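Visitor: Hi! Could you walk me through the ligand site and the pockets here?
Guide: Happy to, let's bring the structure up.

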Amino acid sequence: MQVPAQFEYERATSIAHAVQLLGKYNGAGRLIAGGHSLIPMMKLRLARPEVLIDINEVAELGGISRVDGELRVGALVRHTELLDDDEVAQLFPILRDAEKVIADPIVRNRGTVGGSVCQADPSEDLSAAFSALRAYAVVQGAETQRIVPLRDFFVGPYETVVGPGELLVELRVPVRTGGSSAFLKVSRRAGDWAVGAVGAAVWLDGDVITEVGIGLSALGARNFVAVEAEDFLRGRSVSADVLGEAGRIAAEHCDPPVDQRGPADYKRHLAATLVTRALQLACRRAGREV
Ligand SMILES: Cc1cc2nc3c(=O)[nH]c(=O)nc-3n(C[C@H](O)[C@H](O)[C@H](O)COP(=O)(O)OP(=O)(O)OC[C@H]3O[C@@H](n4cnc5c(N)ncnc54)[C@H](O)[C@@H]3O)c2cc1C
């Protein structure tokens, strides 16, 4: 069995302490949350931190709350907590939809929301779901705190704007009325990573789409979002044709990877179908049958 290379271990007790430890090791330290992505990478020597900085005891990073018109989800919230939260499911059904199909209970009991988005795996589901919701990331450094739209948080595969001396504190999702959301995923078997997955959030004024978010996972969308399809939808009335065209546009502009989960043309077809269906479900949940 593979084991990671040798490393030192530190346990942070607060956000300030975690930032201080990151500064102390000056780029050689790496935060560990659930460890479900980092430990396998260390075993494969794809990551080789000299020091692991454990944030599992930082209580400030936990908890789900509703403050000033926002849902705040701490970086250390486990998948299971998000899945089980009824207020979250009522406000943003997309999050329960997504969490239901992330891995299995063992991974969900340990893996965290923060670790998931910071890993920035292009096949990761929550990045697509929170991006569809137009969430913000709160990033803490030694001197400053930055609030970054999640759409600007991802720099590329496995890369985010979080600097070597910073950590993600929480995600914030604006709570707005008149909308709903949905997440659909196709995978080869239960608990597997996505062949393709789509999250959609719509806000309606009567029949008119006033705002929309479309997140794509495993389908080669830049920063997880289908911007062109969103631009097409904004200001249009909901109809089967319009949602179908949005799916076609999203598929045209994504660049799915060719891998063991299928060829690009199949995944492009999947993108079109999932975008249209996720939008339909979100509209239906918002009270607009389509
Ligand atoms: C068998 C298996 C199946 C899986 N299936 C799926 C799936 O279907 N869909 C899916 O979306 N995911 C899936 N995952 C991933 C799972 O969701 C992990 O929980 C997630 O990738 C990482 O969360 P973590 O808390 O374990 O992060 P860790 O492994 O602890 O950390 C991951 C990265 O994030 C960094 N990090 C962690 N927390 C912070 C923070 N607060 N601030 C800054 N950086 C931070 C770490 O330094 C590391 O670089 C699967 C994982 C496994 C093992």
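**Pockets and ligand**

Guide: Let's begin with the second largest pocket: strand E8 (154–156) and strand E13 (208–217) each supply at least two residues of its lining. Helices (H or I, at least four residues) and strands (E, at least two) are DSSP runs, numbered from the N terminus. This is a predicted model, where local features need pLDDT of at least 70, side-chain atom pairs count only at pLDDT 80 or more, and totals for chains, interfaces and linings use all residues. Residues are numbered from 1 along each chain as its sequence is written, and side-chain values use heavy atoms, with hydrogens and water left out.

Visitor: Which element gives the largest share of that lining?
Guide: E8 does, with three residues.

Visitor: And what is its volume?
Guide: The second largest pocket has a volume of about 240 Å³. Of its 16 lining residues, Pro122, Pro157, Ala221, Arg222 and Asn223 are the closest to its centre. A pocket here is an open set of points on a 1 Å grid over the protein atoms alone, where a 1.4 Å probe fits, with protein on both sides within 12 Å along at least five of seven lines; lining residues have an atom within 4 Å of a point. A volume is the space filled by probe spheres set on the points, which are joined across faces, edges and corners.

Visitor: Switching topic, where is the ligand?
Guide: The ligand takes up the space of the largest pocket; to sit there, more than half of its atoms must lie within 2 Å of the grid points. That pocket holds about 1,400 Å³ of space. Its lining has 50 residues, with Ser37, Leu38, Gly115, Cys118 and Gln119 nearest the centre.

Visitor: Which element gives most to that lining?
Guide: H7, with five residues.

Visitor: What about polar contacts, N or O pairs within 3.5 Å?
Guide: Ligand oxygen atoms lie 2.8 Å from a polar backbone atom of Gly34 and 2.8 Å from one of His36. From the side chains, a polar atom of His79 is 2.9 Å from a ligand oxygen.

Visitor: How much of the ligand does the protein bury?
Guide: The protein buries 90% of the 970 Å² that the ligand exposes when taken alone, by the Shrake-Rupley method with a 1.4 Å probe.

Notes. Polar contact = N/O pair within 3.5 Å; in protein donor to acceptor, adjacent residues only side chain to side chain.
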